[in-house]
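Me: I have a structure to go through with you. I want the terms set against their cut-offs.

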Amino acid sequence: MLEERGTPTTVIALARNQAEKTRPPRALFVPFQLGRPLGTPEDAAFQRRVMLAALGLLERADGPVILDDYAEEDPNWQDTAGWQPPLPPASARPTAPADWWSAFAAELAALRPAWEAAQMRFGRSIVGLAGQPPERWPEFTTAFLAGGLPTVPQHATPALALRFLCDDIKAMYGEAAQAHGPAPSSRQVEAWFWRQTVAGALLVALRTAAMGSDNNALKTVGGRFFVPVPWLPAA
Amino acid sequence: MARPEEIPEPTRSAVLNIECPVFETTPFLAGKPLSQRKVAIVSSAALVQRGEAPFPFGSTEARFIPAGVPANALLMSHVSINFDRHGFARDANTAFPLERLRALAAEGMIGSVAETHYTVMGSSDPAGMAAAADQVSGQLKQENVDAVLLTPV
């Protein structure tokens, strides 16, 4: 759409079939996981090679369409031996909202040092969509378990407020999981979060509560956007 | 590509079976050598600056990201929960390679880095994005940008 309007384009494509269908002027197919067009985090040399391969297509005259394959794999896709999660597996599996509140608050407090270390290490955080500090997360989330529909000024509906808070919770735990040592694979972080933390179990409980809600927005958003399908508990 | 067998269901089927727009024309513009081009990035990750409203679901807008924005200010408000964000959390360049682009300019591999970069909600139907494309294109021309690197997530 942009090239038609006058500017040459090149795309780093994670989904080969989609690029084959849309036929952009130039595309570099990369063998990386969804969400990582540049492949490996914090490997400037690796990312530079990907960039030059994609930008290099702009100098070729044998199009349209140029669809090129990038051979190098992302080493961080594979699990990392020796990676340790920042917390031991949670033993608490609460049922009452008040128990969720205390278990989640305690876990957040225990995770805080690793989260702060991660922010020091990487100089950044992607927590912030919810518009609420972590201190308020236990009260806000467990209110939904009790049938409440709280919201915050930053979001139009309770459903969106909770959805973006779920994103922040996942982001905070994901950052804390990377605070020390070698980078875990995405799969290692996800397995730890969904199977071994109070927060992961809480998001599953929030999904269940949302799907049983009379609030249609919450029902839809909760069913689709809190827990990825691969991590839903077996029926 | 991301190996289909390594993408968990139902995302795998969604990625493989998605309806894609068919474009009637395939433009292909020649240009200057890379070392003389000014380059902008377009990310599909629905990036927002901290404090800014997330992209609404189905949004067909494009938002501008000034080149001076610090990496710590960028959050990802994409609707999908089925792609990795931990890489982006660790290093923004994993999905939005602005620092890498700056390094290529410093090396002389590209001419320069555009003043403005762009982001859209990648799950939205491109058929509704003509106005956004016009808006982005207008800014690209105003800044004399000669190449766009698209980095869909």
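What follows is a short exchange on labels and the values behind them.

Me: What are the ground rules here?
Reply: This is a predicted model, in which local features need pLDDT of at least 70, side-chain atom pairs count only at pLDDT 80 or more, and totals for chains, interfaces and linings use all residues. Residues are numbered from 1 along each chain as its sequence is written, chains are lettered from A and ligands numbered from 1 in the order in which they are written, and side-chain values use heavy atoms, with hydrogens and water left out.

Me: Why is B:His117 called buried?
Reply: Its relative accessible area is 0%. Buried means under 20% relative accessible area, exposed over 50%, and partly exposed in between (1.4 Å probe, protein chains only). So B:His117 counts as buried.

Me: Where does B:His117 sit, and which residues does B:His117 touch?
Reply: B:His117 is in strand β6 (residues 116–120) of chain B. Strands (E, at least two residues) and helices (H or I, at least four) are DSSP runs, numbered from the N terminus. Leaving out residues up to four places away in sequence, the contacts of B:His117 include B:Val39, B:Arg63, B:Phe96 and B:Leu101. Contact means heavy atoms within 4.5 Å.

Me: What does the side chain of B:His117 reach at 2.9 Å?
Reply: The backbone nitrogen of B:Ile41. A polar contact is a pair of N or O atoms within 3.5 Å; within protein, one must be able to donate a hydrogen and the other to accept it, and residues adjacent in sequence count only if both atoms are side-chain atoms.

Me: Why is B:Asp134 called partly exposed?
Reply: Its relative accessibility is 45%, so B:Asp134 counts as partly exposed. B:Asp134 lies in helix α4 (residues 130–142) of chain B. B:Asp134 and B:Ala89 are 45 residues apart in sequence, and their C-alpha atoms are 31 Å apart.

Me: Why does A:Pro182 count as partly exposed?
Reply: The value for A:Pro182 is 45% relative accessibility, which means partly exposed. A:Pro182 lies in the loop between α5 and α6 of chain A. Beyond residues up to four places away in sequence, A:Pro182 touches A:Thr80 and A:Trp83. A:Met211 is 29 residues from A:Pro182 along the chain, with 38 Å between the C-alpha atoms.

Me: How many helices and strands does chain A have, and how do they run?
Reply: Chain A has eight helices and three strands. From the N terminus on, the order is β-α-β-α-β-α-α-α-α-α-α. The C-alpha trace of chain A spans about 65 × 45 × 35 Å along its principal axes. Of the 235 residues in chain A, 55% are buried.

Me: What are the domains of chain A?
Reply: Domain 1 covers 11–77 and domain 2 covers 97–231. The bounds come from an automatic or database domain assignment. The centres of the two domains, taken over C-alpha atoms, are 32 Å apart. Five residues of domain 1 and six residues of domain 2 of chain A make the contact.

Me: What area is buried between domain 1 and domain 2 of chain A?
Reply: About 390 Å², with carbon and sulfur atoms giving 34%. Buried area is the accessible area (1.4 Å probe) that two parts lose on being put together, summed over both. A:Glu42, A:Asn76 and A:Trp77 supply 76% of the area that domain 1 buries against domain 2 of chain A. Three residue pairs are in polar contact across this interface. The salt bridge count there is zero.

Me: What makes A:Glu42 and B:Arg90 a salt bridge?
Reply: Their side chains meet at 2.9 Å, N to O. A salt bridge is a side-chain nitrogen of Lys or Arg within 4 Å of a carboxyl oxygen of Asp or Glu, so the rule is one of type and distance. The pair meets in a salt bridge. Chain A and chain B have five salt bridges between them.

Me: What else is there between chain A and chain B?
Reply: The buried area is about 6900 Å², of which carbon and sulfur atoms give 62%. The contact takes 84 residues from chain A and 80 residues from chain B. In chain A, A:Arg5, A:Leu34 and A:Arg124 lose the most area to chain B, together 11% of what that side buries. The rule finds 32 residue pairs in polar contact across the interface of chain A and chain B.
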